Amino acid sequence: MFKSLRKFGNLFFVSIYILLLSSCATIDQGHQPVYQQSANSQEIAKASEVPQIAEAAQEERDDIYMLLAYAIVLKDWQTDSSDPARGHNIGSILVDGAGKVVFWARNANKITGNGTQHGEVRLIRNYLTNVKTYDLKDHVVYTTLEPCAMCSGMMVMTNIKRTVYGQTDPDFGKALERLCWDSHTLPNGFQPYPRCVKSETSKNIIRQRLDQAYGKYQQSGGKGITKWLLSAEAKEIYQNALKMFLNYQVKYPENIPILERAREYHDKVPSEYVPLTD
Ligand SMILES: [Zn+2]
């Protein structure tokens, strides 16, 4: 008797939980893409906790956001002869806890004459200035190139949940991993830095193509990932990323609105340099 009552009770709570999840998903579908400079604290307040989704569906979501980041870089593709030169072919987007893209930025080192103007720095600094907050817990950064030490430090200090990168940087990468590394048992070792930000390689085929192509360039004596990113070969891979983004077919129905909003967001991102507010 008690067993069947307990069973009924469990079923009841599971049903309530499913109902709650589906209502969260409905709220999430109501979000519209936010244009770069229009993010404000009210919109942030509206953002609900992200409904738990299956790992495979999350991977697909990561794929969509990664392709969006590549597509945003391609929109203002730089070559050796770009005049004025904005900066490197690197960019990133910020996604909040509800799965909404809330900001984008591209590298602007050259046009600003400021070597700290990496995509992720501009992304985080300007977003925080707009929304007047300093904690980005639950937020994910999707960046086209593995973050450097400067950008990783900023991610740690603003409490970013995780980052996904679309190309490995053999020279300046693995900064977040080094901050997370616990070496205190070794002579002169350290505890890991507080707040470990998870850094993940994108599983998208474009990331593999970029890594392979840059690996070959290095083997043939080429030096410098930002220089290689100016090449016709790099552009062709980015153009394939855009095609993939525009023709993407989702396997998981819960990602249909994610893809639709990512495409709407892409349409609104301008192709020229935009001075930011910070
Ligand atoms: Zn950086």
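## Ground rules

Residues are counted from 1 along each chain as its sequence is written. Because the model is predicted, local features need pLDDT of at least 70 and side-chain atom pairs count only at pLDDT 80 or more, while totals for chains, interfaces and linings use all residues. Helices (H or I, at least four residues) and strands (E, at least two) are DSSP runs, numbered from the N terminus.

## Helix H11

Let's start with H11, residues 256–268. Which of its residues are buried? They are Ile258, Leu259, Arg261, Ala262, Tyr265 and His266, where buried means that 20 or more other C-beta atoms, placed from the backbone, lie within 10 Å of a residue's own, and exposed means 12 or fewer, with partly exposed in between. Down the axis of H11, these buried residues fall within an arc of 165° (taken from the directions from the helix axis to the C-beta atoms), so they line one face.

The face turned away from that side carries exposed Ile256, Glu264, Asp267 and Lys268. The buried residues pack against helix H3 (55–74) and strand E2 (101–106), with contact meaning C-beta atoms, placed from the backbone, within 7 Å.

## H5 beside H6

Helix H5 (residues 119–131) packs with helix H6 (residues 149–157) at about 25°, their axes 9 Å apart. Axes are lines fitted to C-alpha atoms, for helices over the stretch in contact, and angles run from 0 to 180 degrees between N-to-C directions. Glu120, Val121 and Ile124 of H5 meet Met150, Cys151 and Met154 of H6.

## H3 and H10

In H3, Leu67, Leu68, Tyr70, Ala71, Val73 and Leu74 meet Tyr238, Gln239, Ala241, Leu242, Met244 and Phe245 of H10.

How values were computed. Contact = placed C-beta atoms within 7 Å.
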